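Visitor: I am new to reading structures. Could you walk me through this one and explain the words you use?
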Amino acid sequence: TLSDRLTSVLQNLRGKGRLTEADIDATAREIRIALLEADVALSVVRTFIAKIKERAKGAEVSAALNPAQQVVKIVNEELVGILGGETRRLNLAKTAPTVIMLAGLQGAGKTTLAGKLAKWLKGQNHTPMLVACDLQRPNAVTQLQVVGQRAEVDVFAPEPGNGVGDPVDVARRSIEEARRTQHDIVIVDTAGRLGVDEELMRQAADIKAAIGADEVLFVVDAMIGQDAVSTAEAFRDGVGFTGVVLTKLDGDARGGAALSVREVTGAPIMFASNGEGLADFDAFHPDRMASRILGMGDVLTLIEQAEQHFDQAQAEKAAAKIGTGELTLEDFLEQMLAVRKMGPIANLLGMLPGAGQMKDALAQVDEKHIDRLQAIIRGMTPAERQDPKMINASRRLRIAKGSGVEVRDVNDLVNRFFDARKMMQQMAGRFGMPGGGGNRA
Ligand code: GDP
Ligand code: MG
């Protein structure tokens with residue numbers, strides 16, 4: 001998965017303060033592979049990565065996130081944006097019935113979807129009617145009738161025994177029937193072929209024209225991966241559609257088809273099917289799909305938590321102090337507590353990719369260690385925290401006794417604080433942090 005591959009990138013970036021072009025390139029490379037593995041079409045990947053790089057280069061340095069996390073966050077936001085930019089409800093006709101037509105290849109899941117959609121609409125107090133316009137396959141009409149029974153909705157079908165009927169005629173008559181029997185929504189199931197062909201397109205286009213469909217939903221199997229793009233293009237040009245429904249999301253497809261179809265056709269993805277049962281159906285959720293494509297649910301959760309708990313004002317205050325060399329032990333403690341708020345440190349690190357390889361790091365920042373540092377700082381007087389230089393030998397002894405640690409623990413903390421402050425001042429100078437007076441590199 002992407003999280004496995006990002007491990008090395010994340011490790012290289014640890015401790016860096018800002019996004020360099022090389023960082024962005026390295027992270028973008030991993031994300032590119034992840035998208036390709038998720039079956040996003042190559043042309044779509046290219047455009048997308050270019051967009052991400054552009055945005056990452058202009059991004060502000062985040063105080064809460066490390067550079068790799070920042071890139072992942074941008075990627076996720078862009079994905080959600082593309083997948084959900086125009087999520088909308090079904091277009092209902094001003095005068096009933098609203099006509100919804102389903103189009104797509106054979107096996108895409110149209111007939112199943114007809115039942116799901118009908119049941120869903122029924123739950124919203126509509127009175128849908130299913131229409132059997134797949135007269136190609138012998139069992140197609142029966143299949144729709146079974147689906148209709150299960151969903152407990154009426155099905156309009158040509159009378160049996162009349163030979164192969166004309167689907168355009170059936171569709172036309174179904175609208176009159178719906179009007180007469182007061183069904184407010186008509187769902188027209190159509191025939192598909194195994195591959196795109198002209199006759200299929202012509203028939204679908206004819207049905208669409210005959211019934212003046214309010215919505216044409218292009219139904220596409222998420223498992224077909226790269227082929228989704230050419231199929232979607234063919235239906236867009238041959239029939240035209242207003243929305244997309246993704247099916248078989250319960251399979252192991254990574255969902256790249258969603259991004260490709262959305263990006264190439266510009267049509268919104270409106271629903272998702274995730275099983276054979278009538279209830280395995282929902283409105284489309286862009287955030288879930290984005291995290292599925294990236295395969296980084298855990299990392300995204302971590303990023304969210306880090307941002308939520310990071311107190312921006314406090315960070316800016318600390319940054320300003322770092323620049324002027326005024327960072328105190330009080331700030332040090334505050335920062336530590338801010339990190340603490342995010343939850344047990346072990347959990348946090350566990351969420352990072354490659355936590356298995358981070359045993360050393362885990363050992364260093366365990367909870368007990370932070371507890372001890374906190375106890376030592378709490379054992380200092382406000383004046384000492386403000387100006388650690390005044391902490392002489394006798395004060396160190398007093399602090400150690402007061403906080404139940406050894407003098408060398410106090411020494412260690414004070415020394416590390418001075419080291420950190422010195423390092424931060426140098427960094428501030430180099431990166432032009434507030435008060436640092438340096439230039440942006
Ligand atoms: P159509 O040819 O487009 O009408 O496709 P069908 O509705 O007949 O579905 C083809 C097959 O896919 C059937 O066996 C369905 O049970 C199955 N199917 C449809 N939607 C889903 C789904 O979301 N998940 C799974 N696992 N199977 C589905
Ligand atoms: Mg069918």
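Guide: Gladly! Keep in mind that this is a predicted model. Let us begin with the contacts of one residue: Ile-269 touches Leu-83, Val-244, Leu-246, Ala-258, Arg-262 and Phe-284, leaving aside residues up to four places away in sequence.

Visitor: What makes Ala-258 and Ile-269 a contact?

Guide: The test is that the two C-beta atoms, placed from the backbone, lie within 7 Å. Ala-258 is on the list of residues that Ile-269 touches, so this pair passes the test. From C-alpha to C-alpha, the two are 7.6 Å apart in space, and they are 11 residues apart in sequence.

Visitor: Why is Ile-269 called buried?

Guide: A residue needs 20 or more other C-beta atoms within 10 Å of its own to be buried. Ile-269 has 26 such neighbours, so Ile-269 counts as buried. Across the protein, 40% of the 441 residues count as buried.

Visitor: Where does Ile-269 sit in the secondary structure?

Guide: Ile-269 belongs to strand E7, which covers residues 269-273. The protein has 20 helices and eight strands.

Visitor: Which residues come nearest to ligand 1?

Guide: Gly-109, Lys-110, Thr-111, Thr-112 and Ser-273 do, out of 17 residues around ligand 1. Helix H5, residues 110-122, gives the largest share of that shell, with three residues.

Visitor: How many residues of each class does the shell around ligand 1 have?

Guide: There are 11 polar, five charged and one nonpolar. Lys counts as charged, so Lys-110, one of the nearest residues, belongs to the charged class.

Note on methods
Residues are numbered from 1 along each chain as its sequence is written. Chains are lettered from A and ligands numbered from 1 in the order in which they are written. This is a predicted model: local features need pLDDT of at least 70, side-chain atom pairs count only at pLDDT 80 or more; totals for chains, interfaces and linings use all residues. Helices (H or I, at least four residues) and strands (E, at least two) are DSSP runs, numbered from the N terminus. A residue is buried if 20 or more other C-beta atoms lie within 10 Å of its own, exposed if 12 or fewer, and partly exposed in between; C-beta atoms are placed from the backbone. A residue is near a molecule or strand if its C-beta atom, placed from the backbone, lies within 6 Å of it.
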